[in-house]
Amino acid sequence: MWVLLRGGYPLRILLPLRGEWMGRRGLPRSLVPGSPRRRYRKEALPALEVPVLPVTATEIRQYLRAHGISFQDGHSCLRAPSPFVKALQPKDQTGATASFSLFIDKTTGRFLCMTSLAEGSWEDFQASVEGRGDGAREGVLLGEAPEAEDSEEVQRIWDRAIPLWELPEPEEAQLARVMFGLTKVTDDTLRRFSVRYLRPARSLVFPWLSPGGLGLRGLKLLSAEVQGDEVHYKETTIPRPGVYHNLFGLPLISRRDVEVVLTGRELDSLALNQSTGLPTLALPRGTACLPPALLPYLEQFRRIVLWLGDDLRSWEAAKLFARKLNPKRCSLVRPGDQQPRALEALNQGLNLSRILRTALPAWHKSIVSFRQLREEVLGELSNVEQAAGIRWNRFPDLNRLLKGHRKGELTVFTGPTGSGKTTFISEYALDLCTQGVNTLWGSFEISNVRLARVMLTQFAVGRLEEQLDKYDEWADRFEDLPLYFMTFHGQQSIRTVIDTMQHAVYVYDICHVVIDNLQFMMGHEQLSTDRIAAQDYIVGAFRKFATDNSCHVTLVIHPRKEDDDKELQTASIFGSAKASQEADNVLILQDRKLVTGPGKRYLQVSKNRFDGDVGVFPLEFNKSSLTFSIPPKSKARLKKVKDDNGLVTKKPSSGKKGAVPQNSKTCLGQAHHPYQPDPSKPSR
Ligand SMILES: Nc1ncnc2c1ncn2[C@@H]1O[C@H](COP(=O)(O)OP(=O)(O)OP(=O)(O)O)[C@@H](O)[C@H]1O
């Protein structure tokens with residue numbers, strides 16, 4: 001189902017259809033409620049042609065003052081009296097609590113009334129204040145009520161789950177404890193957090209309780225599977241992950257608590273709470289995202305310690321989340337040998353309170369000394385692989401050259417018209433997205449429907465036209481990807497696009513934005529000098545965005561018109577040298593006429609700021625799956641040799657910003673490949 005995000009941003013999100021059946025969740029069929037039929041919702045898509053400008057915290061404050069609404073300034077929200085409380089609870093007894101129970105997100109203007117659970121966009125709020133339309137409740141959504149099917153399913157599972165200590169066989173209970181690493185977690189802790197065990201699915205069950213602990217809003221199931229020496233955990237949530245907004249542990253938080261520890265997993269929260277006695281909350285989707293919908297629940301804390309996990313990814317996520325929570329109140333536990341994740345720390349007999357005391361403040365002034373950076377540098381050096389970024393599953397040769405996909409970088413991608421740029425970049429981004437990289441697509445040239453169709457085909461690695469019976473199965477899995485699309489089509493202003501990207505980073509923790517292509521932001525300048533200046537400005541804006549938001553931007557740029565039989569080079573990118581200077585990586589999809597066979601292309605990495613390795617490798621296009629990934633059986637044919645001119649050059653002596661790193665001389669390729677430019681012959 002496509003849903004237009006309320007609040008005026010031209011961003012559409014792919015939401016899974018509801019009513020998933022349990023077989024899909026990997027739960028026993030015995031628990032499947034009736035037939036696994038899917039329900040389709042045929043809602044007309046609201047079209048929003050004119051994007052509304054995002055609201056700023058200053059504008060929100062001005063508006064509230066202008067309308068005589070008192071408010072308190074919080075960490076990430078403004079607190080105001082809720083206009084929705086009286087209507088719902090005329091005889092509300094909670095007094096002071098209800099009086100300032102409206103939380104307005106300072107970045108988006110979205111509001112949540114903690115008492116009535118009414119929520120909506122900034123426009124909804126204004127409409128209700130101004131009494132526009134149909135009275136005060138116009139446009140206000142009561143917190144999304146769970147689907148009836150989901151509620152039944154949740155209740156059924158919950159009823160069948162039992163506390164671990166009530167398992168009839170002590171061996172079974174012991175096995176479960178070992179599998180989940182709970183040997184040192186006491187029954188009392190499990191009882192306090194209401195953790196149960198679902199025997200048929202061999203899963204732990206973590207409840208999502210309504211405020212006040214009165215009802216069940218959802219569940220998370222955690223199963224463990226032993227593969228070789230390792231235990232692999234799998235999480236399943238009801239409702240689906242996109243709306244599973246459970247801060248696990250919330251019912252145990254008292255209004256007077258001013259400090260909390262946030263963890264990436266429920267099990268870590270149990271361990272932390274047990275050994276330190278501190279309030280702990282587990283984020284619903286670990287390091288994947290911190291939905292702004294959760295921020296109001298964290299407003300009461302003056303200090304938040306983030307201890308999300310034991311790898312670099314957790315550390316990166318903690319830094320990003322701290323920005324949302326207000327870094328001044330956040331401290332971060334750095335992953336390290338003596339600082340594993342909380343449950344492991346408990347199991348290793350480490351002192352968790354001591355680890356918490358080592359947490360580093362997230363707030364950095366603009367000028368830092370090496371003393372403040374030395375731990376970060378050590379972190380990168382001792383996690384070289386993770387620091388190199390996320391590796392592509394489908395493009396091993398790209399890993400060998402670029403090492404991985406890193407946050408905060410700008411990749412410029414070019415190739416001749418119609419060579420398959422969109423098709424390639426779609427698979428390149430999809431690969432990362434399937435590994436949990438939250439991705440936002442800006443496809444200005446081809447419609448989102450067509451793009452999604454290409455991606456789905458690549459995802460399924462085959463034509464779905466001929467196997468429509470499999471469509472739902474693939475579409476279901478595709479819907480669960482953290483993938484979002486901007487709704488722009490045709491020319492757009494760079495300001496609007498950047499605002500939308502900013503919004504998406506805040507709301508969906510986007511780590512990768514793909515812009516296809518830059519020419520659609522250049523307006524209608526006729527003069528070539530204007531066009532070049534416009535492009536330089538836009539490239540600069542994307543560069544800044546990538547750095548400021550620790551978000552990777554992949555930017556497709558058309559090449560300048562060149563002879564068809566000439567290979568493209570970095571200098572062939574349209575415009576001045578700015579794009580290649582600003583970019584951390586430059587990728588060129590080469591479509592040489594020498595190539596025999598219609599589908600063959602090769603990919604050239606012509607700039608790589610990370611470690612300077614550049615080179616080319618062939619791509620084979622598969623017309624039915626629309627994929628470029630090299631079939632597993634083919635040999636590595638990577639060559640790390642060339643620069644744009646086909647000459648092997650020395651490493652640069654200067655590492656100035658913007659300098660294009662020269663190529664490494666190493667040749668990893670085996671035999672000279674027919675698609676490989678011959679290094680002995682300059683191409684011009
Ligand atoms: N290697 C290939 N061989 C043959 N056909 C291809 C190849 N790659 C892509 N195609 C097909 O060519 C068409 C155009 O591909 P695509 O839109 O990805 O190109 P593009 O470079 O992005 O185009 P444009 O320059 O117009 O933006 C699509 O139908 C795609 O399936």
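Which residue of strand 15 is the bridge partner of Leu262? In this predicted model, the partner turns out to be Leu306. The pair belongs to a run of five bridges that joins strand 13 (residues 259-263) to strand 15 (residues 303-307) in the parallel sense. Two helices sit against the sheet around this pairing. Helix 8 (residues 266-276) packs on it by touching strand 13 and strand 14, and its direction makes about 170° with that of strand 14. Helix 10 (residues 312-325) also packs on the sheet, here through strand 15 and strand 16 (330-332), with a direction at about 175° to that of strand 16. Taken as a whole, the sheet is open and has five strands, in the order 14-13-15-16-17, and its pairing is mixed. Strand 14 (280-282) and strand 17 (360-361) each have a single partner strand, so they stand at the edges and one side of each is left without a neighbour in the sheet.

Stepping back to the whole chain, how is the protein divided into domains? The assignment gives domain 1 (55-143), domain 2 (146-246), domain 3 (261-387) and domain 4 (396-620). The centres of domain 2 and domain 3, taken over C-alpha atoms, are 24 Å apart. Where these two touch, 13 residues come from domain 2 and 14 residues from domain 3. On the domain 2 side, the touching residues split into six nonpolar, five polar and two charged.

Another open sheet is built from four strands, ordered 9-10-11-12, with antiparallel pairing. Its edges are strand 9 (196-198) and strand 12 (230-238); each has just a single partner strand, so one side of each is left without a neighbour in the sheet. On average, neighbouring strands here are turned by 30° against each other, direction ignored. Inside the sheet, strand 10 (residues 203-209) and strand 11 (residues 216-227) run antiparallel and are joined by seven bridges. Within strand 11, Leu222 is the bridge partner of Leu204.

A few backbone details are worth a look. Ser194 is not a glycine, yet its phi is positive, at about 55°; this residue is found in the loop between helix 7 (187-192) and strand 9. The peptide bond from Ile238 to Pro239 is cis, with omega near 0°, and Pro239 lies in the loop between strand 12 and strand 13. A cis peptide bond also links Asp516 to Asn517, again with omega near 0°. Asn517 has its place in the loop between strand 21 (512-516) and helix 20 (528-549).

Then there is the ligand. Its surroundings are made up of 14 residues, and the closest are Gly420, Lys421, Thr422, Thr423 and Phe621. Helix 16 (residues 421-433) gives the largest share of this shell, three residues. Sorted by class, the shell holds three nonpolar, eight polar and three charged residues.

How far does the predictor trust all this? For the complex, the predictor gives an ipTM of 0.94 and a pTM of 0.72. The protein chain has a mean pLDDT of 78, and 76% of its residues reach 70 or more. Over residues 133-143 the pLDDT is below 50, and in the model this stretch has 28 contacts beyond near neighbours in sequence. Residues 641-684 also have a pLDDT below 50, with 75 contacts beyond near neighbours in sequence.

Technical notes
Residues are numbered from 1 along each chain as its sequence is written. This is a predicted model: local features need pLDDT of at least 70, side-chain atom pairs count only at pLDDT 80 or more; totals for chains, interfaces and linings use all residues. A residue is near a molecule or strand if its C-beta atom, placed from the backbone, lies within 6 Å of it. Ala, Val, Leu, Ile, Met, Phe, Trp, Tyr, Cys and Pro count as nonpolar, Asp, Glu, Lys and Arg as charged, and the others, Gly among them, as polar. pLDDT is the predictor's confidence in each residue, from 0 to 100. Two residues are in contact if their C-beta atoms, placed from the backbone, lie within 7 Å. Domain bounds come from an automatic or database domain assignment. Two strands pair if DSSP finds at least two bridges between them. Axes are lines fitted to C-alpha atoms, for helices over the stretch in contact, and angles run from 0 to 180 degrees between N-to-C directions.
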